[in-house]
Amino acid sequence: MNGPSTVETAERIEVTGLVQGVGFRPFVHRLADELDLDGCVGNDSAKVFIEVAGPSRRIDEFVARLERDAPPLARVDRVVRGRTELTGFGAPGFRIVESAEADGLRTFVAPDTAVCTDCLAEMRDPGDRRFGHPFITCTNCGPRFTIITDLPYDRPNTTMAAFAMCSRCQAEYTDPSNRRYHAQPIACPECGPTLRWLGPAGPVETTDPVAEAILSLRRGGVVAIKGLGGFHLVCDATNPAAVARLRARKLRPDKPFAVMVARVAAARALAHLDDTELAELDSPARPIVLARARPATPIVPEVAPASPLLGVMLAYTPIHHLLFDAGSPPLVVTSANIAGEPIIHRDEEVGRLLGPVADHLLTHDRAIHAPCDDSVVRVVDGELLPVRRARGYAPIPVRLGEGVVPTLATGGELKNTFCVTSTTHAWVGPHIGDMGTLATLDAFERGVRQFELMYELAPERLAVDAHPAYTVGRWARRIPHVEIVEVQHHHAHVAAVMAEHELHPGTRVVGVAFDGTGYGSDGTVWGGEVFVGDATGFDRVAGLAPVALPGGDAAIENPYRVALALLHSTGVEWGEDLAPVAHAGRRERALLARQLDGGFGCVPTSSMGRLFDAVASLLDLRHTITYEAQAAIELEHLAREDGTGGRGYRFGLRGPVIDPGPVVRAVVADLRAGVSRPAIARGFHRAVVDATVQVASGLRADGGPSTVVCSGGVFQNALLVSETRAGLRAAGLRPLMHHLVPPNDGGLALGQAFIASHRPPPGSES
Ligand code: ZN
Ligand code: ZN
Ligand code: FE
């Protein structure tokens with residue numbers, strides 16, 4: 001022990017955040033050594049605790065650097081300092097103590113990350129004992145969330161528990177100076193998992209499964225490859241027949257695929273990438289980045305038909321790198337699933353794909369505990385716009401405050417995610433998929449159970465969408481002894497933005513919810529709403545004029561039907577020269593006209609998403625769709641082709657009603673006058689932005705909030721996000737957009753959790 005002249009103080013420091021499985025304790029050890037401080041560091045399932053003794057100025061520096069110099073994957077959420085007794089420090093020096101069980105709040109679980117450059121260098125070094133090892137990993141990289149079965153994050157609580165470490169791996173694992181110190185998934189060719197190669201007839205004996213995979217891909221084959229969070233279906237992105245085969249087998253005629261390449265330089269050759277996009281692409285999360293495709297690349301048009309964008313992603317597992325090192329072409333990489341079902345992540349299930357969908361299977365014996373799809377992001381004006389949040393991000397922690405009610409939010413029907421909260425934090429789970437199949441509900445239930453176990457949570461409330469027919473809502477309402485909180489769909493969208501920006505739940509905002517569809521408080525379909533309110537409630541102060549839609553939501557797949565209904569409601573005759581009219585045919589038109597006149601089977605719909613669909617059909621762009629928002633996405637692309645600045649259209653603003661009539665009539669007139677379609681599409685976008693800014697400015701002028709939060713699936717549209725943000729700012733307002741969770745229904749659960757967990761208990765006065 002140091003003499004009393006040098007020891008001025010001793011402190012106990014507790015660090016919470018993303019501090020497990022990220023090399024935090026060895027980092028603390030090195031830092032204490034460098035500053036010549038005595039003490040120890042350890043972790044329990046809730047936090048990292050540090051006891052440290054030395055001159056107080058050096059302890060201050062130590063604490064400052066805990067946050068500033070933390071390891072790349074760590075995220076320090078909170079540091080709590082307190083005096084402690086000096087007597088606790090036995091021997092001089094600093095040491096790491098063993099894990100202890102803890103009660104209370106559990107610490108954050110790290111997301112999966114891409115293999116790091118140090119590991120890759122070893123994997124490519126013929127002299128290294130892990131040369132060519134497909135499972136190389138260290139404290140700074142590799143699988144985390146997808147292999148964790150329980151906390152604290154230690155090897156027995158991962159799917160690596162099945163593999164006993166060899167003596168050399170054990171030595172690295174227990175050496176605090178080694179970069180694999182306490183790296184739970186550590187393995188080597190001697191003791192780790194192994195690759196296997198299978199054909200339709202079963203396992204195939206081979207010494208080089210990677211070479212077999214390359215051979216199959218080069219011949220145009222479809223190979224299912226086990227990744228971090230599930231299986232991918234993979235084929236050669238430069239081979240039109242291979243891509244067409246994959247489309248036909250996956251029953252996915254149009255929706256763009258993403259392409260994986262090995263390096264940043266290869267990605268830049270395929271798409272225009274700005275600094276933010278490059279940083280995101282190359283980040284440890286390795287998401288799919290949707291960026292503007294370059295012309296005349298080797299990527300065949302079948303990969304992303306009718307889209308000027310290309311989803312690019314970098315190799316992120318050692319197996320991917322082994323494939324590219326062995327000469328793989330750029331690869332189409334898509335989740336292995338069967339239409340709408342969750343990603344397949346168990347070997348037993350992938351057998352269903354082998355033969356009908358995949359020609360071969362490249363797999364291994366490290367189990368995936370939690371399925372996790374690839375994430376998808378866009379970048380708008382240098383700011384992130386999430387499209388799907390899963391691998392590399394999940395579980396997403398959001399700080400809610402103190403003493404909120406532990407809640408499970410069940411999300412929506414499409415693009416489902418769930419969200420669980422403690423009394424202080426929310427954790428958003430990974431994208432699960434579209435409800436409506438047993439497999440999806442099963443994945444939802446298993447995901448929720450895993451989160452409850454990991455974080456030791458027992459929700460007292462279940463937050464559900466107010467829609468009476470949502471699958472997860474019906475599931476939740478059958479659970480006894482918990483309080484059900486129904487949250488209106490668009491209120492949840494708006495609250496999700498508030499939550500991710502850590503606004504106080506009582507902050508009054510203008511909420512703009514432009515969405516495809518959602519159950520309105522009056523039982524009709526909403527989706528073009530402007531609210532004023534906070535997390536406790538809202539007033540619907542303006543909204544798109546409802547259109548009577550034959551068949552309601554059933555019209556979603558048929559934008560031409562929406563267009564016909566819109567023409568009908570805005571008083572434009574169904575002239576044969578109009579594209580949706582011609583598309584419908586005489587008999588269907590007669591039927592629809594009868595329905596619309598009588599109102600039979602028609603549901604009033606104020607959805608902005610449907611308005612985009614209708615305009616896309618009027619422009620003869622897309623009359624039926626094969627994936628969600630296809631027509632609206634193509635309308636955005638068309639608008640971007642415009643070089644004129646676009647036509648000037650204006651919505652009618654009559655009190656609380658945003659009337660699309662004037663826009664629709666002007667669009668029809670322009671079409672008949674032969675105005676260029678991109679100029680019309682551009683003008684339509686501008687009109688939506690102008691109406692939004694005008695409504696928000698009007699509310700502000702009447703003493704309303706200056707903060708305007710924008711959410712809903714329509715804000716997946718990058719052009720709309722960019723111009724709405726600029727327009728609101730120019731009007732002196734404060735726009736807030738999504739950066740953490742998607743504006744589509746993938747963000748719904750966070751908003752539900754924010755609203756429900758802050759709601760006072762029933763019967764209490766507020
Ligand atoms: Zn590594
Ligand atoms: Zn080993
Ligand atoms: Fe929605």
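**Metal sites and side-chain contacts**

With angles of 89 to 168 degrees among its 4 donor atoms, the iron ion (ligand 3) has a site that comes out as irregular. This is a predicted model. The protein donors here are His489 (NE2), His493 (NE2), Asp515 (OD) and Asp745 (OD), which lie 2.0 to 2.2 Å from the iron ion (ligand 3). Along the sequence, these donor residues follow the spacing H-x3-H-x21-D-x229-D. The two histidines, His489 and His493, share helix α13 (residues 489–500), where they are 4 residues apart, about one turn of the helix. His489 is buried, at a relative accessible area of 0%, and His493 also counts as buried, at 1%.

For comparison, the ideal angle for four tetrahedral donors is 109.5 degrees. Two of the cysteines link distant parts of the chain: Cys166 sits in the loop between α3 (117–123) and α4 (167–173), and Cys188 in the loop between α4 and β6 (195–199), 22 residues apart. Cys166 is buried because its relative accessible area, 12%, is under 20%. Cys188 is buried too, with a value of 1%.

Turning to the aromatic side chains, the structure holds 11 aromatic pairs. One of them joins Phe418 and Phe444 edge-to-face, with 6.1 Å centre to centre and 90 degrees between the planes. This pair links distant parts of the chain, with Phe418 in the loop between β19 (407–409) and β20 (419–421) and Phe444 in helix α11 (residues 438–454), 26 residues apart. Phe418 is buried at 1% relative accessibility, and Phe444 is buried at 0%. Phe514 and Phe715 have their planes at 5 degrees and their ring centres 5.6 Å apart, so this pair is stacked. Here the link spans 201 residues, from Phe514 in strand β24 (residues 509–519) to Phe715 in the loop between β31 (707–711) and α21 (718–730). Both Phe514 and Phe715 are buried. Ring pairs also build a cluster out of Phe145, Phe418, Trp427, Phe444, Phe451, Tyr455 and Trp475.

Arg389 lies over the face of Tyr393, 3.7 Å from the ring centre, and the charged end of Arg540 sits over the ring of Trp526, 3.7 Å from its centre.

As for charge pairs, a search of the whole structure finds 43 salt bridges. Among them, Arg725 and Glu383 meet at 3.4 Å, N to O. The two partners are 342 residues apart, with Arg725 in helix α21 and Glu383 in strand β17 (residues 383–388). Arg725 is buried at 5%, whereas Glu383 is partly exposed at 26%. Another salt bridge brings together Arg589 and Glu576 (2.9 Å, N to O). Arg589 lies in helix α16 (residues 586–598) and Glu576 in the loop between α14 (559–569) and α15 (579–584), so the contact ties together parts 13 residues apart in sequence. Arg589 counts as buried at 11% relative accessibility, while Glu576 is partly exposed at 44%. Salt bridges that share partners also join Glu122, Arg129, Arg130, Glu172, Arg179 and Arg180 into one network.

Definitions and conventions
Residues numbered from 1 in each chain as written. Chains lettered and ligands numbered in written order. Predicted model: local features only at pLDDT ≥ 70, side-chain atom pairs only at ≥ 80, totals over all residues. Heavy atoms only, no water. Buried < 20%, exposed > 50% of the residue type's maximum accessible area, 1.4 Å probe, protein only. Phe/Tyr/Trp six-rings, centres within 6.5 Å; stacked < 30°, edge-to-face > 60°. Lys NZ or Arg CZ within 6 Å of the ring centre and 35° of its normal. Donors = N, O, S within 2.8 Å, 3.2 Å for Na, K, Ca; no water. Tetrahedral: all angles 85-135°; square planar, octahedral: opposite > 155°, others 65-115°. Salt bridge = Lys/Arg side-chain N within 4 Å of Asp/Glu carboxyl O.
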